[in-house]
Amino acid sequence: MRRIFKEPLLHFAVLGIGLFVLYRFVTGVAPSVGDEIVVDAPRIAALAEAFERSWRRPPTSEELDGLVESYVRDEVLYREGLTLGLDRDDAVIRNRIRLKMEVIGDGAQSPIAEADLQDWLDAHADRYATPARYDLQQVFFDPSKHRANGALESALRDLQREPDGDPGTRGDQTLLPAGLTDVTRADVAAQFGDELAAALAAAPPDRWFGPVTSAYGEHLLRVELREERKAASLAEVRDAVERDARYARDQAARDALYARLRARYSVRIEKPEQAPVDAALAAEPR
């Protein structure tokens with residue numbers, strides 16, 4: 001018996017029980033054993049409906065009893081957890097509550113007026129337009145091999161003089177594609193980078209020009225416009241416009257709610273003390 005009383009685990013258990021009792025005494029929170037948990041008919045119907053959605057059949061009476069008992073178990077443990085303050089300083093719980101508050105702050109689910117949808121489309125026309133499509137040929141030159149030797153200018157004159165000649169006989173070897181067919185500016189940017197793709201808009205139609213610089217080197221280009229950029233009408237992109245406009249409206253409502261709530265609080269930010277960066281650098285040995 002004396003050995004049992006010397007066990008550290010026993011000491012720890014007694015200390016934990018004592019702290020629990022002390023917490024209840026200091027906070028004045030009564031035990032929740034006698035609290036009432038009501039599982040009403042609408043709740044039971046919701047449990048049965050959730051079961052039926054998952055299993056494609058209604059629950060038996062035994063299964064329904066199990067669902068109710070599971071709900072009671074969750075409610076008991078949830079209430080006791082709140083009593084013990086287990087919801088505090090928990091990042092997951094904080095995030096779920098924040099998300100619920102943002103849902104409360106969402107804009108009303110009333111339909112967006114036709115004029116407002118058109119205004120949104122007009123303000124974001126590029127987002128919904130059908131992009132222009134191109135056919136592209138390119139000849140690559142490695143700048144380290146052709147600095148100021150006139151090779152690019154000579155090749156460009158030859159290609160302009162014989163536009164239907166074989167461009168593969170000029171330039172340097174590369175793993176880059178010699179041509180792209182029926183592509184958008186985004187497709188060209190994915191292959192050659194944004195700098196070269198930007199040259200498409202001002203390219204002379206179906207004529208060799210350059211040099212154009214990319215991250216890989218210098219290029220001579222021949223661009224043929226296959227299809228002009230086409231602005232979208234509201235009828236063509238209504239679903240996407242309504243989705244984006246609704247999201248923007250809801251986000252604005254969430255931001256407005258936060259601004260109102262934020263104004264209720266006085267926020268004090270206590271930054272940790274540390275030496276200024278300049279002073280810390282000056283103190284480093286050189």
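This is a short tour of a predicted model, stop by stop, for you to follow in your viewer.

Before you click: local features here need pLDDT of at least 70 and side-chain atom pairs count only at pLDDT 80 or more, while totals for chains, interfaces and linings use all residues. Residues are numbered from 1 along each chain as its sequence is written, and side-chain values use heavy atoms, with hydrogens and water left out.

**Stop 1: the sheet.** Select strand 1 (residues 133–141) and strand 2, which pair in the antiparallel sense over 3 bridges. Strands (E, at least two residues) and helices (H or I, at least four) are DSSP runs numbered from the N terminus, and two strands pair if DSSP finds at least two bridges between them. Click Q137 and you'll find its bridge partner, G179, in strand 2. Now zoom out: the open sheet has 4 strands in the order 2-1-4-3, with antiparallel pairing. Strand 2 (179–183) and strand 3 (208–213) stand at the edges with a single partner strand each, so one side of each has no neighbour in the sheet.

**Stop 2: the largest pocket.** Go for R98, M101, L257, Y258 and L261, which lie nearest the centre of the largest pocket among its 13 lining residues. On a 1 Å grid over the protein atoms alone, a pocket is an open set of points where a 1.4 Å probe fits, with protein on both sides within 12 Å along at least five of seven lines; lining residues have an atom within 4 Å of a point. Show helix 11 next: the largest share of the lining, 7 residues, comes from there.

**Stop 3: the second largest pocket.** Select L77, Y78, G81, L82, L86, D87, I93, R96, I97 and K100 to see the lining of the second largest pocket.

**Stop 4: T83.** Stay with helix 4 (residues 61–83), where T83 lies. Is T83 buried or exposed? T83 counts as buried because its relative accessibility is 16%; buried means under 20% relative accessible area, exposed over 50% and partly exposed in between (1.4 Å probe, protein chains only). Show the T83 side chain too: one of its polar atoms is 2.9 Å from the backbone oxygen of R79.

**Stop 5: E49.** Last, pick E49 in helix 3 (residues 41–55). E49 counts as partly exposed, at 46% relative accessibility. Draw a distance to P59, 10 residues apart from E49 along the chain: their C-alpha atoms are separated by 8.8 Å.

Definitions and conventions: Polar contact = N/O pair within 3.5 Å; in protein donor to acceptor, adjacent residues only side chain to side chain.
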